[in-house]
Amino acid sequence: MDTDGTHGGERRTPSGTGHVPRPAGPPGIQGLPPKPGHAPGAVPAPSAAGHPAAARAASPTLAAWLRVPRPSAGPGVWSYGHVPRAAQEPEVTPTRQLVSGAFISLLAGLLLWSLLWNGYLGGFWLWPLYMFTPDSWAGTLPSVVASYIWYVIVAVTLAIGFGRLGRWPELARRVLGSRTARAPLPAPRPVEPGGPDDPGAWTEVRAAGMVEVADRLGAEVVAGRMNDVDFVRIRRAWETVRADPSRARAFAEAVRDKGAGACVHPSGARELPVRAARHDLLARQVLLGTVQDGERNPYARRGSGIALDPGVLGTSLLAIGPSGAGKTSRLVRPVVESLALQALAGQAAVVVVASTGAALGPDEGYDVVVRVGDPDSVYDLDLYGGTTDADEAATLLAEGFVGDLPGVDVRRAATALAQLLGPFRAAYGRFPTVPELRELLDHVPVALAALRAALEAAGQHRMLRELDARERQHGAPADPGPALADRVALLDRPAFAGFFDTTGAGRPFSLRALEHPLRVRVDLPERGHADASRLLARLLLAQFNASAAARTDRTLFALLAFDDASHTLTPEAVRGIQRLRSANAGVLLTLRTLDDVPEALRTPLLGAVGCRMAFSGVTTWDGKRFAETWGTEWVETRDVTHRTVFADQPLTRAMHAFRKLVSGKAVTTDAVTVRQVERERWSASDLAHVVPPGHAVLSLTSVRGERAAPLLVRLGGQD
């Protein structure tokens, strides 16, 4: 399980730019370099018994890391040094058949050699010897030497011929392979240092005429002052220069003055305090584990690394597993950590919502930490999502407040809220606080009278009509006001005093900031205020769907991760998740069971997300849903029928009786029937009982429509 130390107090200023080494994790995939103990290019802190140079020698330098090939091999494949395999598994001959064939070929070879040596086949095989030796050699030492050389040549030729006939080399490899470790797969050929394809040489910058800038960046790579985050961040800045040449001067000055620290993240951080997973920022991937080398997985994917990147997270991911299955440590934290690194490189924005105390990394690894209900929290949460439009704010609030109530119409609830939010903002220039909104929904006469007086003083006659309409609808049979008031009362508690402020006294965080490369963590008080936490989670999901789709600049990939999405999903939220693919955004949802989702939404939810993950320990009821979603495939089956052989001849019957006496089994013949049948890729029973602990079954879909069939994955890398 991942460990990241204790959580410190809320920070008010960004962390420094020092490089902190990450702990060593599980070894890498077979045939690849071992997992480094720190980011490529970052100098680890010296230990008590060693020198930094010695520590660096244990991991690849940034230049070597950049030159490792990263072939594209489909969604979910860890591309760092990936070696493709054949699509089909080669046919393997049984060992017993190899031994019998080798023994028979050996006997045949010895028999032929005996016949040749004893002259039963004539002397034709000695003709080449007679042709190439002069007659004067007869009876001399050279003649004897030449004869034995020819005998060796003939014997070796027979051994090679009968050895290939009996498949001796394959038998030798089979026997030696069972006793010794097999050789690793050949490593892919790296990029030539200094060549045109060497990323560390900055050839594109040099080709654009900025030779001094390219030399400075190359020197930073060679000297080890640049890490992987710096490289990706500066390369992204160079891409903006290519798109807008007017930024070239500022880019050159930043590199000349700061070197590897140019174009740094607004927080000033160039690395996370700790890394708990293995990342490849050049491919924007995080390694989750290894595809199990077993018959349940396609041969081409067995033993390869499984990774996630924005290309597959853009279709959203749903993970189901019981408590303790590793959803937080083996899925949520690695993904959030990867997006946090990409945010430092100016490529992504990430928001993670979890209960207080979840092991998602130290506070120093985030730009904003919102601790709802904690008086010491520096940041507040904007209840209205940063919008100034009353109708939009009302729609978001209605979705979060009553979106999960089956008997309440969300549209009528949004109308009722808009009839209060619009007049209040017109009168006071802001939206109401939680206590003020509760009073208006409860139809408190003093609050309504004060609002009416403020509107009359401001001459807002149109808003007065909105307020009159709300008063007429209050108390009607289908009025959503009481349900809204009950939900608002969950937030109007002493523990939340001072939160959700709209007067400008606090520092509210709004999901409107998704256009910036932010790292945000929202801690919800799940233990003491479970209903309020679920309400806020629904509200954050609704705000994220609206803000991600409304972004004018969608170059940054935006991710909203829920450590526990129980009782968070609503019909509108599921529809919003489907629209995130075109907005360069996605969500990561984890659930203990599908029973935490309304029954009417379980099938639409599985259809809305492109990536699905079933951890070890799911129930057969949940497994049935996954089995239906993953569908069926055509497989080849072999049916073997054993039939007893009855002999008619006395000699044959005697031989059969002797064979039965020796083997204890009657003599039979086998009839093999091969046919194509349609079977489920993973049945509900297999998902519930076959998946080992520490494993999961994962299917992936990329935003381009590429699909990866369900794979049995060993989480946490390969031991």
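**Figure 1. Contacts of Trp113.** Setting aside residues up to four places away in sequence, Trp113 touches Tyr151, Val154, Ala155 and Leu158 (contact: heavy atoms within 4.5 Å). This is a predicted model: local features need pLDDT of at least 70, side-chain atom pairs count only at pLDDT 80 or more, and totals for chains, interfaces and linings use all residues. Residues are numbered from 1 along each chain as its sequence is written, and side-chain values use heavy atoms, without hydrogens or water. Trp113 belongs to helix H3, residues 95–117 (helices are DSSP runs of H or I, at least four residues, strands are runs of E, at least two, and both are numbered from the N terminus). Trp113 and Ala155 stand 42 residues apart along the chain, yet their C-alpha atoms are separated by 7.5 Å. With a relative accessible area of 24%, Trp113 is partly exposed (buried is under 20%, exposed over 50%, partly exposed in between, with a 1.4 Å probe and protein chains only).

**Figure 2. The protein chain as a whole.** The chain has 24 helices and 16 strands. Of its 719 residues, 47% count as buried. Take the contacts with a separation of 6 or more: residues 24 or more positions apart account for 75% of them.

Figure 3. Eight residues of H18 are named here as buried: Gly481, Ala483, Leu484, Ala485, Arg487, Val488, Ala489 and Leu491.

**Figure 4. Arg487, a buried arginine.** Arg487 lies in H18, which spans residues 481–491. Its relative accessibility is 14%, so Arg487 counts as buried. Beyond its neighbours within four places in sequence, Arg487 is in contact with Phe401, Val402, Asp404, Leu405, Leu535 and Arg538.

**Figure 5. The largest nonpolar core.** This core has 93 residues (a nonpolar core is a set of buried Ala, Val, Leu, Ile, Met, Phe, Trp, Tyr and Cys residues joined through side-chain atoms within 4.5 Å). Phe500 and Phe544 have the most contacts inside the core. Helix H19, residues 530–550, supplies the largest share, 10 residues. Phe500 is in contact with Val372, Asp380, Leu381, Leu383, Val434, Leu491 and Leu536, leaving aside its neighbours within four places in sequence. In soluble globular proteins, nonpolar side chains tend to be buried together.

**Figure 6. Packing of H16 on H17.** H16 covers residues 445–458 and H17 covers residues 461–473. Their axes come within 10 Å and cross at roughly 160 degrees (axes are lines fitted to C-alpha atoms over the stretch in contact, and angles run from 0 to 180 degrees between N-to-C directions). H16 and H17 are therefore roughly antiparallel (under 35 degrees is roughly parallel, over 145 roughly antiparallel, 65 to 115 roughly perpendicular, the rest oblique). H16 contributes Leu448, Leu451, Arg452, Leu455 and Glu456 to the contact, and H17 contributes Met463, Leu464, Leu467, Asp468 and Glu471. By class, the contact has 6 nonpolar, no polar and 4 charged residues (Ala, Val, Leu, Ile, Met, Phe, Trp, Tyr, Cys and Pro are nonpolar, Asp, Glu, Lys and Arg charged, the others, Gly among them, polar).

**Figure 7. Packing of H20 on H21.** H20 runs over residues 571–578 and H21 over residues 599–608. The two helices pack at an angle of about 15 degrees, with axes 9 Å apart. That angle makes H20 roughly parallel to H21. Pro571, Val574, Ile577 and Gln578 form the H20 side of the contact, with Leu601, Pro604, Leu605 and Ala608 on the H21 side. The class count for this contact is 7 nonpolar, 1 polar and no charged residues.

**Figure 8. Positive phi at Trp202.** Phi of Trp202 is near 55 degrees, a positive value in a residue other than glycine. Trp202 sits in the loop between helix H6 (168–179) and helix H7 (203–207). At 5% relative accessibility, Trp202 counts as buried.

**Figure 9. Positive phi at Arg284.** Arg284 also has a positive phi, near 60 degrees, and is a residue other than glycine. The loop that holds Arg284 lies between strand E1 (278–280) and strand E2 (285–291). At 24% relative accessibility, Arg284 counts as partly exposed.
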